[in-house]
Amino acid sequence: MVEIKVNKRITVNQLLTLYKSAGFVEEKWSYDSKRLQTMLDHTQLTATMWENGQLIGMARCLTDYEDSCYLSEIVILPAYQRKGLGKQLLKTIQAYLGSRVTIVLRADPEAIGFYKALGYQKLSKLVRIRREA
Amino acid sequence: MIIYSATAKISSKQLANLIAHSKSQRPTNDLGRLTRMIRNANLLYSAWDDDRLVGVVRGFSDEATCCYLSELVVRDDYPQLEISRKLINKIHRELGSGISLVSAVIPDSLATDEKMGFEQIDSGFQLPREY
């Protein structure tokens, strides 16, 4: 049975296994574990999905819980994709934050329809400075 | 002279007063909410003219890979672009080049200024707050 948890502790090994199995954010695979641990320790909000103790999906958010939230990553193991689990992760985040918090994200091109169907609107002013390492 | 700070304490009343004298449309009647917004932002840079708060950038960082700047407010009667530019530059310098900076509140002329280093994200989406 798949379970969703908010802000449940994740180990660096569990995180790396999820990233690698999903072929996600390849640049982070080579980060030293201290940096990934710092990232996990300071991330304000996560919703994670578990089956039999295995981490199978995660939404990671930067937020003040009061006004704004940036969905930095959403990743699900390939075997569990296209089963509505991404929607469940997102709904969990939305329900946890409530309607007073704006959620902002960067959509993968193939996920744009998914976000639109959930009521997300195009945001034309989003910009970034990329990290170099 | 404008002084910039990464550590100065800001009260909810100071923030409410700044917002009231800016282009921000944010309601300021709920001081408790403003207090929590100040307290829960792990990145809060401010600009001061003596003891008057004239600019704020508020953001959330994971301190390892990514930082999101959710709010940028500058007092109407002060130079908007200069203060915005200095606040953002200071944040980027102190975060370092290993942390990406994402925002939907950067003024257009800074977002397109090559010296600032921003790139447009074409696939930004949001679910806006209701209040």
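A UniProt annotation is a record entry tied to residue positions, and it may be inferred rather than shown by experiment. I keep that in mind while looking at this predicted model.

**Entry 1: the record**

I looked up chain B first. In an unreviewed entry, UniProt lists residues 34-123 of chain B as "domain: N-acetyltransferase". I then checked that span in the model: it is 30% helix and 36% strand, and its end C-alpha atoms lie 30 Å apart.

**Entry 2: where the chains touch**

How many residues does each chain bring to the contact? I found 41 residues from chain A and 39 residues from chain B. On the chain A side, the elements that each supply at least two residues include α2 (33-42), β3 (54-63) and α4 (112-117). β5(A) gives the largest share of that side, 5 residues. Sorting the chain A side by class, I noted 18 nonpolar, 12 charged and 11 polar residues.

Next I followed the strands. Seven of them make an open sheet with mixed pairing, in the order β1(A)-β2(A)-β3(A)-β4(A)-β5(A)-β7(B)-β6(A). Which strands are at the edges? They are β1 (2-6) and β6 of chain A, each of which pairs on one side only.

I zoomed in on β6(A) and β7(B), residues 124-127 of chain B: they run antiparallel and are joined by 2 bridges. One partner pair to find on screen is Gln121(A) with Gln126(B).

Chain A also sends a strand to chain B. β7(A) pairs with β5 of chain B (residues 100-103) in the antiparallel sense, over 3 bridges. Opposite Val127(A) I found Ser103(B).

**Entry 3: helices on the sheet**

Helix α1 of chain A (residues 12-22) lies across β3 and β4 of chain A, at about 65° to β4(A). Helix α3 of chain A (residues 85-97) packs on the sheet as well, touching β1, β2, β3, β4 and β5 of chain A. The direction of α3 makes about 40° with that of β3(A).

**Entry 4: the core**

The largest nonpolar core here has 66 residues. Among those touching the most other members are Ala59(A), Tyr70(A), Ile93(A), Val57(B) and Tyr68(B). Strand β4 of chain B (residues 66-74) gives the most to this core, 7 residues.

What does Val57(B) contact, leaving aside its neighbours within four places in sequence? I listed Tyr45(B), Leu69(B), Glu71(B), Leu72(B), Leu87(B), Ile88(B) and Ile91(B).

Technical notes. Residues numbered from 1 in each chain as written. Chains lettered and ligands numbered in written order. Predicted model: local features only at pLDDT ≥ 70, side-chain atom pairs only at ≥ 80, totals over all residues. Contact = placed C-beta atoms within 7 Å. Helix = DSSP H or I, 4+ residues; strand = E, 2+ residues; numbered from the N terminus. Nonpolar A, V, L, I, M, F, W, Y, C, P; charged D, E, K, R; others polar. Pairing = 2+ DSSP bridges. Axes fitted to C-alpha atoms, helices over the stretch in contact; angles between N-to-C directions. Core = buried A, V, L, I, M, F, W, Y, C linked by C-beta atoms within 7 Å. Buried ≥ 20, exposed ≤ 12 C-beta atoms within 10 Å, placed from the backbone.
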